[in-house]
Amino acid sequence: MFSPDIQKQIDHVLSRYPIRRNALLPILHLAQKDNEGYLTQEVINEVAALCEVTPTHVEGVITFYTMFKLKKPGKYHVQVCTCVPCCLVGGTELLEHTEERLGIHAGYTTDDGVFSIEEMECIGACSYAPAVIVNEDYHEQVTPEKMDQLIEQLRTQA
Amino acid sequence: MLEETLVLFRNIRNPNYDKSLKGYLASGGHKALKQALGMKPDEIVQVVKDSGLRGRGGAGFPTGMKWSFMAKGTGKPSYLVCNADESEPGTCKDRELMLKDPQQFLEGMMIGCFAIGCNHGYIYVRGEYWPSIKSLNAAIDELYEAGILGDNVYGSGFKLDLTVHTGAGAYICGEESALLDSLEGKRGHPRVKPPFPAVSGFNGCPTTVNNVETLACLPYILTEGPEAFKAHGPENNAGTHLVSLSGHVNRPGVYEISMHASIREIIYDLGGGIRGGKALKGVIPGGSSSPVIRADEIDVNYSFDGLSKIGSMMGSSAMMVFDEDTDVVQLLHRITRFYNHESCGQCTPCREGTHWARQILRDFLSGNGSDRKLKRLHRVGQNMSGTTVCALGDAAAFPIMSFVSKFPEEFKNYFESTSPIAA
Ligand SMILES: Cc1cc2nc3c(=O)[nH]c(=O)nc-3n(C[C@H](O)[C@H](O)[C@H](O)COP(=O)(O)O)c2cc1C
Ligand code: SF4
Ligand code: FES
């Protein structure tokens, strides 16, 4: 069962495509948002039924795309780009700094569940490198000092 | 001193610009759309052909010609799908258009839909681009509220719906046939062509895939005419284009330039030169897949033909600049790691080749390079070129072949006997 607001958005999405399966990616995003940022077998089955495909099809899709998660991410999912332009201006060092600061490696979540880190391929902000996404927001020309401030700010919000 | 040529960015560069529909209309927006609605679709296709517009997504294919390939009389709906997947490393131009002047791009999209007879257009935006997705959705809502989108666009009887589709993190979905599979609700695997999308695309229907910037050029082409557009570049390289400048320059950013500009002017005039007063070592001129060029090759036009003359390509107009202190072996390793990560795995030369190349480069970086391994690296690159379902195989091979041939001495520094680690 989805929350009423998400269900409304899902119905709208379904109305925009000629075939229900076409709406799979947008619906998975909504379902994931509705379930603390990750997908469980129960959610997968529900989405499969909605889109008139098999759960296996949905699993195949989920594992192909990096944005769908099978493990619960932190409340703040910190995505640090280390692709070519970011790497030229300190992206790799920024990732290392973030890992040290939060005491976890990329791919992991802090014990309190507040932060998780992911190393990203190019996120399309190369002229404003190094770039970071936290949940849905971009942060650009991020220095280690800016990262520290951001982490502190998020920690107090959490 | 090179300056920007403002066509697509004319509103964006105005600090007082209001990007809402109201602001866009006040800036002269929808004049082209209304003009187009009074023309025959074929006439629009002809104007676009005359303008010399070439696709800004990477391949530079003539847009008008692409539209004319659309299968007719099939009894199936036709689709225009906009490629806003923008994931070629270095590229961040489409997001400027979607974030800062969404209505201009949407006007182009509406003109394109009318020209190819599409009643429901889809905009495939990469999933990470939440801010662009929100910006486009808000702009589309405004168009519906104003009664412009829907059953009767400006009273012309033309019915048009637009939908933003969110991708989910897969570089390969920028390749147009993989994008269509993804839009259909599947894994994004490139398709064997033919059939081309113009015959069998979205859900098996005739489909054109165009890049955001390509479509954003249409309002200008219609209102100012094909000749005005052509005048912004040398013969066969019409129009301005958006260059995403990144790396070791003082002023990285997205700039709009005419195709008359040279690479040197872009780096030194617009980009303010190399950071810290250092010397330039090289440039990856058109996204990470384009062959690298050395500092002594930058006095060419930054245009489709200018770059192909020196054995590279303009690709997505993403210019990555690196200085004298850059380790090119590390740089190539990072690029190769990207393609290895993004290979969809369908073709052996691409799946295995990107892996081998990455492995060999890692050997170099750990001080175990050798002449034999360098030759093997080159051979792996050769075996990936032209042997795969989609162009990702070539995209991975170009950097390998070009880095090895342009900077051989840097690879030799990593040969076993001379490597800093072995010594
Ligand atoms: C591996 C690969 C990745 C691509 N990524 C993109 C992309 O992110 N954005 C884009 O517009 N075109 C991309 N393209 C090019 C598209 O396949 C297609 O040619 C383009 O969207 C057509 O639009 P245009 O004619 O307006 O340029 C990519 C091609 C390949 C082979
Ligand atoms: S070349 Fe690579 S990315 Fe393209 S279809 Fe083959 S395996 Fe997939
Ligand atoms: S390389 Fe980091 S945003 Fe493009």
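Predicted model: local features only at pLDDT ≥ 70, side-chain atom pairs only at ≥ 80, totals over all residues.

Colleague: How many helices and strands does chain A have, then?

Modeller: Chain A holds 7 helices and 4 strands. Its C-alpha trace spans about 50 × 30 × 25 Å along the principal axes.

Colleague: And in what order do the strands sit in the sheet of chain A?

Modeller: The order is β2-β1-β3-β4, in an open sheet of 4 strands with mixed pairing. At the edges are β2 (115–120) and β4 (137–139) of chain A, each of which pairs on one side only. On average, neighbouring strands of this sheet are turned by 25° against each other, direction ignored.

Colleague: Are β1(A) and β2(A) parallel or antiparallel?

Modeller: Strand β1 (residues 76–81) of chain A pairs with β2(A) in the parallel sense, over 6 bridges. To pick out one spot, A:Val80 has A:Glu119 in β2(A) as its bridge partner.

Colleague: Nice. Switching to helices: at what angle do α2(A) and α3(A) cross?

Modeller: Roughly 145°, and the axes of α2(A) and α3(A) come within 11 Å. The crossing of these two helices is right-handed.

Colleague: Which residues make that contact between α2(A) and α3(A)?

Modeller: From α2(A) there are A:Leu24, A:Ile27, A:Leu28 and A:Ala31, and from α3(A) come A:Val43, A:Val47, A:Leu50 and A:Cys51. By class, that contact has 8 nonpolar residues, with no polar and no charged ones.

Colleague: What's in the loop between those two helices, α2 and α3 of chain A?

Modeller: A:Glu36 is found there, in the loop between α2 (24–34) and α3 (41–51). Its phi is near 55°, a positive value in a residue other than glycine. For context, most residues other than glycine have a negative phi.

Colleague: Over to chain B. How do α6(B) and α7(B) pack?

Modeller: Helix α6 (residues 102–116) and helix α7 (residues 130–145) of chain B pack at an angle of about 65°, with their axes 10 Å apart. Here too there is a handedness to report: α6(B) passes α7(B) in a right-handed crossing. On the α6(B) side, the contact residues include B:Phe105, B:Leu106 and B:Met110, while α7(B) brings B:Leu136, B:Ile140 and B:Glu142, among others.

Colleague: What does that contact of α6(B) with α7(B) look like by class?

Modeller: It has 8 nonpolar, 2 polar and 1 charged residues.

Colleague: Where are the cis peptide bonds you mentioned wanting to show me?

Modeller: One runs from B:Lys193 to B:Pro194, with omega near -5°. Another joins B:Pro194 and B:Pro195, where omega is about 0°. B:Pro194 lies in the loop between α8 (176–183) and β4 (207–211) of chain B, and B:Pro195 has its place in the loop between α8 and β4 of chain B as well.

Colleague: Last topic, ligand 1. Which residues come nearest to it?

Modeller: Of the 17 residues around ligand 1, the nearest are B:Gly57, B:Lys66, B:Asn83, B:Asn211 and B:Thr214.

Colleague: What is 2.9 Å from the side chain of B:Asn83?

Modeller: That would be an oxygen atom of ligand 1, facing an N or O atom in the B:Asn83 side chain. A polar side-chain atom of B:Asn210 is 3.1 Å from a ligand 1 oxygen atom. With B:Arg56 the backbone takes part, as one of its N or O atoms lies 3.3 Å from an oxygen atom of ligand 1.

Colleague: Great, thanks for the tour!

Terms used. Residues numbered from 1 in each chain as written. Chains lettered and ligands numbered in written order. Heavy atoms only, no water. Axes fitted to C-alpha atoms, helices over the stretch in contact; angles between N-to-C directions. Left-handed = near helix turned anticlockwise from the far one by under 90°. Contact = heavy atoms within 4.5 Å. Nonpolar A, V, L, I, M, F, W, Y, C, P; charged D, E, K, R; others polar. Pairing = 2+ DSSP bridges. Near = heavy atom within 4 Å. Polar contact = N/O pair within 3.5 Å; in protein donor to acceptor, adjacent residues only side chain to side chain.
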